Amino acid sequence: MAISFQDARKAQTIFEKAQRILCMCHRNPDGDAVGSSLGMGMLLEKMYPGKPVFFLCEDPAPDTFSILPNVQRMQGLPELKGGDTIVFLDCAEPKQTGLHETHPQLFDKTYLTINIDHHPTNTRFADLNFIVPDAASSCEIVVELADILGWKMNSDIATCLLTGMYTDTGGLLHSNTTAKVYRTVAGLLRAGARRQAIVAAVFRTAKLSTLRLWGRVLEHITLTKEGGAISAITQGDFRATGAEYSELTGAIDYVNAVPGMRFSLILSERDGIVKGSLRTLRDDVDVAKMASKFSGGGHRKAAGFSVPGTLQPEVRWKVVEPSK
Ligand SMILES: [Mn+2]
């Protein structure tokens, strides 16, 4: 058990006493952020009927997750009163919510706060912290908390939680897919999680603009002497394909597929910011360390950074004399 029984009971006491509960996640939410927020909030609604539960994210959930129940409720800061409870999900530090400057009261001692996350960099900013770096997703931690407290899932809740388990493991394919992940997934399937709906929406659906953007990513791959498979996407590529920034998610796995490479990198430029997304399949390469050189971070096998600037292609021409 990665969560202690004592901490789980502390959370239960906080939930019991709470007048209102707000579940919130990081901005630009991914499947784990959306799934863990909805799953946690719906568990609370099931366990404490009549207690108002709210959801908040600074950005709307991507269309991909419109299959999830209650996803339309993830917006707008509700009116909270001192002593209400906030559960932060999949959020390593306050600034990831995008609300730390506009709504600092969410993070001072105005409310009782609980923090459920699997990022090793989590700053433990809440009153009660469930930080489990070994967990592949925040949804996995929500399931463990529910199991310890004897909370029963239903099909809607299990579907939300399975979504995060799938997306954060790349469809149970990444190296973070532990035996525990499979056991947790099995429990969610038994609870009626709609697996095929998730697979169809998340892994078998891509907008035309996404496919066109990925086409450019693949076309631009170059291999470096250092063993990197590198691609780049400019603001012009986004404009020409009509793709949103978030549509780049997932393309890196194809760049990372080139055999024999040490790492892969996609550079993308948008509004004066260059983002880098790094992956490796190798145990002897630490891409988090590479990302930290550009003030970024992440995990050993998946990391990223973001620096101000624009991308300029470097073209090298060589004159070749005709052979006689
Ligand atoms: Mn996550």
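Predicted model: local features only at pLDDT ≥ 70, side-chain atom pairs only at ≥ 80, totals over all residues.
Helix H1 covers residues 5-17 and helix H3 covers residues 138-149; the two pack at an angle of about 85°, and their axes are 10 Å apart. Angles from 65 to 115 degrees count as roughly perpendicular, and H1 and H3 are therefore roughly perpendicular to each other.

Who does the touching? On the H1 side the contact is made by Phe5, Ala8, Ala11 and Gln12, and on the H3 side by Leu145, Ile148 and Leu149. Sorted by class, the contact of H1 with H3 has six nonpolar residues, one polar residue and no charged ones.

## The whole chain

Zooming out, the protein chain has 10 helices and 11 strands. Its C-alpha atoms fill a box of roughly 90 × 40 × 35 Å along the principal axes.

How does the radius of gyration of the chain fit with a compact globule? For 324 residues, such a globule would have a radius of gyration near 20 Å, and the chain has 21 Å, so the two agree. Of the 324 residues, 41% count as buried. Take the contacts with a separation of 6 or more: 66% of them are between residues 24 or more positions apart.

How many residues make the contact between the domains? Five residues of domain 1 are in contact with four residues of domain 2. On the domain 1 side, the touching residues divide into one nonpolar, four polar and no charged.

Technical notes. Residues numbered from 1 in each chain as written. Axes fitted to C-alpha atoms, helices over the stretch in contact; angles between N-to-C directions. Helix = DSSP H or I, 4+ residues; strand = E, 2+ residues; numbered from the N terminus. Parallel < 35°, antiparallel > 145°, perpendicular 65-115°, else oblique. Contact = placed C-beta atoms within 7 Å. Nonpolar A, V, L, I, M, F, W, Y, C, P; charged D, E, K, R; others polar. Rg over C-alpha atoms; globule rule 2.2 N^0.38 Å. Buried ≥ 20, exposed ≤ 12 C-beta atoms within 10 Å, placed from the backbone.
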